[in-house]
Amino acid sequence: MYHYAGNNPVKYTDPDGRSGKNTVVVIGQPGGAGDNFEVAGRTWIEENVSNEDSVIILHAKDYENATDLVNDIKKAYGEKGIDNLVYFGHSYADGLTTQADDETRNERDDADAWILSLSGVKFNSDSNIYLYGCNAGNAKAMAKYNLPCIAQSFANETGATVWGYDYYSFATADPVLGHYGRLPTDNDILTKLPQDVKKAWFVCNNGKKLTKFTKQ
């Protein structure tokens, strides 16, 4: 279901609401670049979670749908609220792909389940949602339908500040590129990371950082 402390209780504490920030990291369905979601998620934790914070990791493959996954977020933090929700997974401008890899399902229907479920999650003041999947912040792609992108929908529903890429993203093991110390090349985008890679970052193909979205 979910586990506390990222299997590292020495560094990460169980959520008790007394100090630090509460963070939830969601690892999307594997496959393709998704084979690196787990590594990228743990890299994000290592770089952004302090000893005073608490963190849980949820894996989309363990759930039938987004509603069940979000219900576990509620169970973990409840009235204590969360400060950071971080998603490493496949996504589109209009939704996330957290459902099981089943061709009989419409992956984008998952967006409605996410939005409805998140309405019941308490987000603390100055909270953030980070969406590291492809096109989650691609407002232009949805403008022709007169609809918000999924990052904007999340911001409208939760009141949190939401960050998403406005184009495709890919995994890199280069820390310089991972921290935007240089622009990506075609070779970077096409390079498949080895299975034993220890650290990974997801960056946007066009070299742009995450786009910021606030409630409208």
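In which sense do strand β2 (residues 22-27) and β3 pair, and over how many bridges? The two strands pair in the parallel sense, and the pairing runs over six bridges. Within this pair, N22 stands opposite S54 of β3. The structure is a predicted model.

**Overall make-up**

The protein chain holds seven helices and eleven strands. It has 216 residues, of which 51% count as buried. Among contacts in the chain with a separation of 6 or more, 78% are between residues 24 or more positions apart. The accessible surface of the chain is about 10700 Å², and carbon and sulfur atoms account for 47% of that surface.

Strand β3 covers residues 54-59, and six of its six residues are buried, so the strand is largely enclosed by the rest of the structure. S54, I56 and L58 point one way from β3, while V55, I57 and H59 point the other way. Both sets are buried.

Helix α5 (residues 150-158) is also largely enclosed by the rest of the structure, because seven of its nine residues are buried. The buried residues are I150, A151, Q152, S153, F154, A155 and T158. In general, residues three or four places apart in an α-helix point the same way, because there are 3.6 residues a turn. After α5 comes G159, which has a positive phi, near 80°.

Leaving aside residues up to four places away in sequence, N84 touches K21, N22, T23, V24, W44, N128 and Y130. One of these, T23, also has a side chain joined to that of N84 by a polar contact of 3.3 Å. N22, another residue touched by N84, is the residue that stands opposite S54 in β3.

Which distance separates the C-alpha atoms of D35 and G89? The separation is 9.6 Å, although the two residues are 54 residues apart along the chain.

Methods: Residues numbered from 1 in each chain as written. Predicted model: local features only at pLDDT ≥ 70, side-chain atom pairs only at ≥ 80, totals over all residues. Heavy atoms only, no water. Buried < 20%, exposed > 50% of the residue type's maximum accessible area, 1.4 Å probe, protein only. Helix = DSSP H or I, 4+ residues; strand = E, 2+ residues; numbered from the N terminus. Pairing = 2+ DSSP bridges. Contact = heavy atoms within 4.5 Å. Areas by Shrake-Rupley, 256 points an atom, 1.4 Å probe, with all protein chains shown as cover. Polar contact = N/O pair within 3.5 Å; in protein donor to acceptor, adjacent residues only side chain to side chain.
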